[in-house]
Amino acid sequence: QLTPSSFLRIGQLSNVDLNEDIRELETELPRQHPNEIPHNEKLLSLKYESLDYDNSENQLFLEEERRINHTAFRTVEIKRWVICAMIGILTGLVACFIDIVVENLAGLKYRVVKGNIDKFTEKGGLSFSLLLWATLNASVVMVGSVIVAFIEPVAAGSGIPQIKCYLNGVKIPHVVRLKTLVIKVCGVILSVVGGLAVGKEGPMIHSGAVIAAGISQGRSTSLKRDFKIFEYFRRDTEKRDFVSAGAAAGVSAAFGAPVGGVLFSLEEGASFWNQFLTWRIFFASMISTFTLNSVLSVYHGNAWDLSSPGLINFGRFDNEKMGYTIQEIPIFIFMGVVGGILGALFNALNYWLTMFRIRYIHRPCLQVVEAMLVAAVTATVGFVMIYCSRDCQPIQGSSVAYPLQLFCADGEYNSMATAFFNTPEKSVVNLFHDPPGSYNPMTLGMFTVMYFFLACWTYGLTVSAGVFIPSLLIGAAWGRLFGISLSYLTKGSIWADPGKYALMGAAAQLGGIVRMTLSLTVIMMEATGNVTYGFPIMLVLMTAKIVGDYFVEGLYDMHIQLQSVPFLHWEAPVTSHSLTAREVMSTPVTCLRRIERVGTVVDILSDTSSNHNGFPVVESNPDATQVAGLRGLILRSQLIVLLKHKVFVERANLSLVQRRLKLKDFRDAYPRFPPIQSIHVSQDERECMIDLSEFMNPSPYTVPQEASLPRVFKLFRALGLRHLVVVDNRNEVVGMVTRKDLARYRLGKEGLEELSLAQT
């Protein structure tokens with residue numbers, strides 16, 4: 001836990017001067033009052049490591065690949081398909097589990113509260129009902145928040161920013177562990193049942209990713225079980241491909257949108273893409289939707305009717321009454337503008353709130369208290385709004401799950417209660433499909449305003465929860481309001497069906513908050529089962545994205561930035577051509593000789609001041625006339641495995657007759673390599689020599705020091721590297737480019753900014 005003083009110290013020490021021309025950074029760090037943690041947006045954290053998308057082509061790897069014949073490669077390919085099918089099935093089952101449990105628990109809660117309210121409406125004393133509702137909410141959310149805050153903090157939020165970072169190549173600690181999955185699923189159930197303004201759709205994406213990472217490794221490090229299958233896939237390259245399939249399967253289970261899932265994985269996540277991968281990911285998404293569909297239809301008692309493809313089902317929009325005409329296109333575009341502005345407002349408010357949380361609410365007990373407070377406030381606001389609303393609608397012909405009568409006449413229900421007294425998914429569907437005249441404009445206006453602030457306050461709490469459904473709900477409410485006012489203005493002419501505008505408003509609001517374009521269009525089309533709306537939805541989303549990007553960035557990117565993750569975008573900053581590799585790289589580089597003393601290796605690895613993860617290997621000749629040229633690159637994890645298995649000889653000129661290590665030894669240690677402190681090396685062993693030639697990667701990627709930053713960036717990003725060695729014209733190592741060196745440069749308001757690095 002960071003105390004304010006330690007954070008201040010970090011703020012002052014964090015200007016790592018690589019060159020003298022970065023001095024102006026020190027003026028950029030804002031001077032704050034010493035009683036709070038300084039605003040840490042201009043920092044990049046050093047605690048995040050990169051994933052290695054690039055295989056180390058050492059002699060062991062090449063020997064193994066030469067041994068594998070054609071049929072063995074075929075079985076590997078079949079295994080990939082089997083894993084994708086398993087990912088789909090399991091993700092679908094987890095989605096079913098969440099859905100069924102939420103439905104039953106929330107139903108129980110609403111029935112209890114409804115009975116209580118009906119009882120006290122006649123006798124007076126409704127404050128008891130309010131107390132009951134608020135207490136139920138707060139206690140359920142307390143459990144959901146405690147497990148997240150104290151057991152696995154990574155499970156907080158929707159998990160989409162974390163998965164985005166993982167697919168970008170940043171190793172976020174604990175993000176794809178089994179423990180995270182369990183906490184995530186339980187946390188989602190509890191926060192939705194606790195009546196927070198959240199959805200269960202975002203976390204499905206994280207859950208799918210965890211399932212994929214677990215299955216593809218064929219073992220569980222949390223449970224200490226190794227099933228001895230899929231050992232070939234135990235490296236970052238393969239794991240990352242499967243995680244993108246898992247994320248896609250999560251989207252398609254959540255929205256019933258397999259194509260949308262594939263496009264989501266492509267747009268938000270994966271940095272690397274090929275056609276085989278696309279087809280496998282689509283397969284996983286389809287399987288996941290189908291599993292969810294069949295299990296839910298059996299659960300609902302009609303086994304052959306596959307009508308619930310996703311967790312959220314917007315219902316079918318029929319074309320007769322829902323067509324649109326050319327003159328409505330400008331109206332849709334205007335709605336897109338409104339959505340972009342409201343989304344930007346949402347993100348800006350959430351930004352300041354998150355800054356406040358980082359500064360003051362960084363202790364787990366405070367986080368739990370805040371979550372309980374939000375739950376109680378949400379219940380209170382809902383109750384007061386229902387209590388004050390005089391908007392009554394006739395019950396017959398309406399599809400309300402829990403109609404609250406309150407002060408309405410017999411045979412009528414309170415229409416504010418359909419919005420608040422329900423899970424958010426049901427409320428969205430009601431706003432889309434209730435017949436015209438079901439809602440009073442005043443009801444909708446009040447609901448939009450209150451829910452906007454509630455959802456904004458809720459996102460970023462220490463509970464696992466998504467932001468998809470709340471945004472759709474806010475958008476659907478103001479979209480429906482817009483449609484109603486249009487039909488007032490045009491004297492009730494037929495083309496203003498409020499349901500259609502509710503759909504457009506929902507798309508505009510969600511697009512304005514998360515700024516996804518392609519995948520969101522397809523997801524909305526698949527979830528409504530209607531292709532006619534493809535064009536207007538696309539227009540609305542494009543407008544919302546353009547307008548929103550003018551003010552602030554999308555919610556997920558903003559949270560990635562607030563966590564100081566070294567995230568690499570698709571392109572280098574536009575104005576960065578003036579920088580060269582010499583100015584970007586980190587120096588000095590710790591190099592190892594090809595045949596090195598064990599003591600030296602141990603000292604380098606245990607040196608805490610330089611926790612490097614890759615070491616260039618140079619020629620080990622004592623002769624001063626020749627250049628110590630670059631021979632290869634070896635990773636910290638490989639060195640640790642070598643020391644652990646004690647692969648060394650007494651003197652340099654002895655022929656190497658030690659036990660041959662296999663690639664399997666490296667794979668068994670993946671992904672949690674032991675720390676160097678746990679490996680004991682005796683005094684005699686320190687004098688031995690270790691030959692790195694067959695373990696190092698003999699052909700690492702290098703760039704000359706004159707290469708421009710965009711060129712270095714392109715190479716690094718497209719190949720998914722972790723280390724890029726910078727050499728001079730004599731092939732001597734002069735520097736090393738890692739992810740932090742590239743992510744430091746960002747386009748700010750005044751042009752190219754450089755972020756400082758902090759050890760937090």
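This report walks through a predicted model, from the whole chain down to a few single residues.

## Ground rules

The model is predicted, so local features need pLDDT of at least 70 and side-chain atom pairs count only at pLDDT 80 or more, while totals for chains, interfaces and linings use all residues. Residues are numbered from 1 along each chain as its sequence is written, and side-chain values use heavy atoms, with hydrogens and water left out.

## The whole chain

Let's start with the big picture. The chain has 760 residues, and 57% of them are buried. Here "buried" means under 20% relative accessible area, "exposed" means over 50%, and "partly exposed" is in between (1.4 Å probe, protein chains only).

You can count 29 helices and 18 strands. Both are DSSP runs numbered from the N terminus: helices are H or I with at least four residues, strands are E with at least two. Now take the contacts with a separation of 6 or more: 78% of them join residues 24 or more positions apart. A contact means heavy atoms within 4.5 Å.

## Helix 13 and helix 19

Helix 13 (residues 329–360) packs against helix 19 (residues 498–514) at an angle of about 40°, and their axes are 7 Å apart. The axes are lines fitted to C-alpha atoms, for helices over the stretch in contact, and the angles run from 0 to 180 degrees between N-to-C directions. This pair is therefore oblique. For the cut-offs, angles under 35 degrees count as roughly parallel, over 145 as roughly antiparallel, 65 to 115 as roughly perpendicular, and the rest as oblique.

The crossing of helix 13 and helix 19 is right-handed: a crossing gets that name if the near helix is turned clockwise from the far one by less than a right angle, and left-handed if anticlockwise. On the helix 13 side the contact includes Gly-336, Gly-339, Gly-340 and Gly-343, and among their partners in helix 19 are Gly-505 and Gly-512. The residues of this contact split into ten nonpolar, eight polar and one charged. In this scheme Ala, Val, Leu, Ile, Met, Phe, Trp, Tyr, Cys and Pro are nonpolar, Asp, Glu, Lys and Arg are charged, and the others, Gly among them, are polar.

## Helix 13 and its other partners

Helix 13 also packs with helix 18 (residues 468–489), at about 140° and with the axes 12 Å apart. That angle makes helix 13 oblique to helix 18. Their crossing is right-handed. Ile-331, Phe-334, Met-335, Val-338, Gly-339 and Leu-342 in helix 13 meet Trp-478, Gly-479, Phe-482 and Leu-486 in helix 18. Sorted by class, that gives eight nonpolar, two polar and no charged residues.

Then there is helix 21 (residues 534–551), which packs with helix 13 at about 35°, with axes 7 Å apart. This crossing is right-handed. Among the residues that meet are Ile-333, Val-337 and Ile-341 in helix 13 and Leu-539, Val-540 and Val-547 in helix 21. The contact of helix 13 with helix 21 has 13 nonpolar, four polar and no charged residues.

## Two residues in helices

Arg-80 sits in helix 4 (residues 70–123). Its relative accessibility is 13%, so Arg-80 counts as buried. Setting aside neighbours within four places in sequence, Arg-80 is in contact with Tyr-232, Phe-233, Glu-238, Phe-242 and Arg-280.

Lys-644 belongs to helix 25 (residues 636–644). With 47% relative accessibility, Lys-644 counts as partly exposed. Leaving out neighbours within four places in sequence, Lys-644 is in contact with Pro-674 and Ile-679. The C-alpha atoms of Lys-644 and Ile-676 are 9.1 Å from each other, and these residues are 32 apart along the chain.

## Backbone details in loops

His-174 is not a glycine, yet its phi is positive, near 65°. His-174 lies in the loop between strand 3 (170–171) and helix 7 (178–193) and is partly exposed, with a relative accessible area of 33%. Arg-515 also has a positive phi, about 60°, without being a glycine. Arg-515 is in the loop between helix 19 and helix 20 (518–528), and is buried at 5% relative accessible area.

Finally, look at the peptide bond from Thr-587 to Pro-588: it is cis, with omega near -15°. Pro-588 is in the loop between helix 23 (581–584) and strand 8 (592–593).
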